[in-house]
Amino acid sequence: KGLSARDMVTLSGAHTIGQAQCFTFRGRIYNNASDIDAGFARTRQRGCPSSSSPDNNKKLAALDLVTPNSFDNNYFKNLIQKKGLLQSDQVLFSEGSTDSIVTEYSKNPTTFKSEFAAAMIKMGDIEPLTGSAGIIRRICSAIN
C-alpha cells in the first residue's frame, strides 16, 4: 500500500528494540544454517531450549542482543554479522537487493533514524479497511 522496499527495511529497524518468544526463532537457532553466526546461535540456545513446551515457548529473547533497550542502528550491524534473531530479519541481508540498504544504515545511524521517522509517517497514512469492508482479528496471526 505505497511502501517501498526501502521503507520496509527501514521499518524493520524497529526490531532494534523489543523481544521475541522462543517458538518464533527456535528453528533458526537449532538448524545449523549458514545464515546464522554459530556463536550467536549457541548463546540464544541457552535461553531457548530445543524442546517445545508451553513454558519454553513463552521464553523471551531480546531482538538485539547488544543494545536491546536503545533505538539505534545495531540491528543492521547484527544482520551483517549474521546475528538476526528472526529469519524474517536476516533475509534482509542475504546477498539480495536489500543488502545495500542494511549496509548503509549500519554505517549511518542518522540516516536510519531520519528515514525511520519518514517511513512511520508514510505507514501511518495508510488507510485501513473499515466497517463491513474490514475485519478486526481476535488473534493477529489467524483469520477469524
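Let me start with one term: a contact here means heavy atoms within 4.5 Å. With that in hand, among contacts in this chain between residues at least 6 apart in sequence, 65% join residues at least 24 apart.

Before we go on, some housekeeping. This is a predicted model, so please keep in mind that local features need pLDDT of at least 70, side-chain atom pairs count only at pLDDT 80 or more, and totals for chains, interfaces and linings use all residues. Residues are numbered from 1 along each chain as its sequence is written, and side-chain values use heavy atoms, with hydrogens and water left out.

Now the overall picture. The chain has 8 helices and 2 strands, where helices (H or I, at least four residues) and strands (E, at least two) are DSSP runs numbered from the N terminus. Reading from the N terminus, the order is α-β-α-α-α-β-α-α-α-α. Taken along the principal axes, the C-alpha atoms fill a box of roughly 45 × 40 × 30 Å. Of the 144 residues, 33% are buried. By buried I mean under 20% relative accessible area, by exposed over 50%, and by partly exposed in between, with a 1.4 Å probe and protein chains only.

Let's turn to helix 7, residues 99-107. Which of its residues are buried? They are Asp-99, Ile-101, Val-102, Tyr-105 and Ser-106. Seen down the axis of helix 7, these fall within an arc of 165°, so they line one face of the helix; the arc is that of the directions from the helix axis to the C-beta atoms. The face turned away from that buried side carries the exposed residues Ser-100 and Lys-107. And what covers the buried residues of helix 7? The cover includes helix 1 (5-12), helix 5 (74-80) and helix 8 (109-124).

Arg-6 is partly exposed, with a relative accessible area of 27%. Leaving aside residues up to four places away in sequence, Arg-6 touches Ile-101, Glu-104, Tyr-105, Thr-111 and Glu-115.

Helix 3 can be told in a similar way. Its buried residues include Phe-40, Ala-41 and Arg-44. They cover an arc of only 100° around the axis, which puts them on the same side of helix 3. Helix 2 and strand 2 (60-62) are among the elements that cover them.

Next, the cysteines. The structure holds 1 disulfide, meaning a pair of cysteine sulfur atoms within 2.5 Å. Cys-22 and Cys-48 form it, with an S to S distance of 1.6 Å. The pair links distant parts of the chain, 26 residues apart: Cys-22 lies in the loop between strand 1 (19-21) and helix 2 (26-30), and Cys-48 in the loop between helix 3 (38-45) and helix 4 (54-58). The torsion about the S-S bond is about 70°, so the disulfide is right-handed. Both Cys-22 and Cys-48 are buried, whereas Cys-140 is exposed, with a relative accessible area of 71%.

A quick word on backbone angles. Most residues other than glycine have a negative phi. Asn-32, in the loop between helix 2 and helix 3, has a positive phi of about 55° although it is not a glycine. Glu-95 also has a positive phi, near 60°, and is placed in the loop between helix 6 (87-90) and helix 7. Are these two residues buried or exposed? Asn-32 is exposed at 71% relative accessible area, and Glu-95 is exposed at 81%.

Last stop, the inside. On a 1 Å grid over the protein atoms alone, a cavity is a set of points where a 1.4 Å probe fits but cannot get out, and lining residues have an atom within 4 Å of a point. The count comes to 1 cavity of 30 Å³ or more, and the largest cavity has a volume of about 40 Å³, a volume being the space filled by probe spheres set on the grid points, which are joined across faces, edges and corners. Leu-63, Tyr-75, Lys-83 and Asp-89 are among the residues that line it. The lining divides into 4 nonpolar, 2 polar and 3 charged residues. Here Ala, Val, Leu, Ile, Met, Phe, Trp, Tyr, Cys and Pro count as nonpolar, Asp, Glu, Lys and Arg as charged, and the others, Gly among them, as polar.

Definitions and conventions. On a 1 Å grid over the protein atoms alone, a cavity is a set of points where a 1.4 Å probe fits but cannot get out, and a pocket is an open set with protein on both sides within 12 Å along at least five of seven lines; lining residues have an atom within 4 Å of a point.
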